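Please walk through this structure, beginning with the surroundings of the ligand and then turning to the core and the packing of helices.

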Amino acid sequence: MPNPAESPPTIEAAPAPPAPPALSGLIKALIVVAASASLVLALLLLGASHSDPYTQATLDLVGSESNGGRLFRLNCAGCHGLAAQGLVGPNLHGVSHRKNDRQLIQQVVSGRTPPMPRFQPEPQAMADLLAFLHSLPS
Ligand code: HEC
């Protein structure tokens, strides 16, 4: 019969090692990533809700570049030139790289920059104008 006092210490006696720091660091990083992802999402939703119904309706439509060109020659070419090369109003080549669609819509409907008048196109006509502005060379 072996003497219990002489038996080697059992492994159960060893305290459980604490979680390695690398792992808890990873968990913290994941929490930070999840938190920033939800912040970005919240900001995106906030931004979308700021867009007015007219702008949203326009952006939801697919524009016709050729009809946009027709509308441009009728309403805009007098100031911006038949080829949108600039006259009284500035050259619009590459304007869709300088301004996003919401800004372009505002430019057309707001009348905030006289002498450019305030236009009130139907959303489809505005979508067509946008398609035309996008088609201009940069
Ligand atoms: C009476 C002249 C006039 C008419 C008509 C006119 N514009 Fe303009 N437009 C201007 C002037 C002037 C500016 C510059 C305004 C400013 O920024 O001070 C401008 C600016 C713009 C800009 C911004 C250019 C940039 O580089 O940021 C866009 C886009 C534009 N017009 C599109 C149109 C469209 C589309 C139409 C027709 C629906 C139109 N404009 C009709 C005079 C006109």
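By class, the shell around the ligand consists of 13 nonpolar, six polar and two charged residues (Ala, Val, Leu, Ile, Met, Phe, Trp, Tyr, Cys and Pro count as nonpolar, Asp, Glu, Lys and Arg as charged, and the others, Gly among them, as polar). This is a predicted model, in which local features need pLDDT of at least 70 and side-chain atom pairs count only at pLDDT 80 or more, while totals for chains, interfaces and linings use all residues. Residues are numbered from 1 along each chain as its sequence is written.

Of the 21 residues around the ligand, C76, C79, G89, T113 and M116 come nearest; a residue is near if its C-beta atom, placed from the backbone, lies within 6 Å of the molecule. At least two residues of the shell come from each of α4 (77-80), α5 (95-98) and α6 (101-110). Helices are DSSP runs (H or I) of at least four residues, numbered from the N terminus.

The largest nonpolar core has 14 residues, and L104, V108, M126, L129, L130 and L133 touch the most other members. Such a core is a set of buried Ala, Val, Leu, Ile, Met, Phe, Trp, Tyr and Cys residues joined through C-beta atoms within 7 Å, where buried means that 20 or more other C-beta atoms lie within 10 Å of the residue's own. Two or more residues of this core come from each of α6 and α7 (123-135), and α7 gives the most, with seven.

In the contact between these helices, D101, L104, I105 and V108 of α6 meet M126, L129, L130 and L133 of α7, contact meaning C-beta atoms, placed from the backbone, within 7 Å. These residues divide into seven nonpolar, no polar and one charged.

Technical notes:
Buried ≥ 20, exposed ≤ 12 C-beta atoms within 10 Å, placed from the backbone. Contact = placed C-beta atoms within 7 Å.
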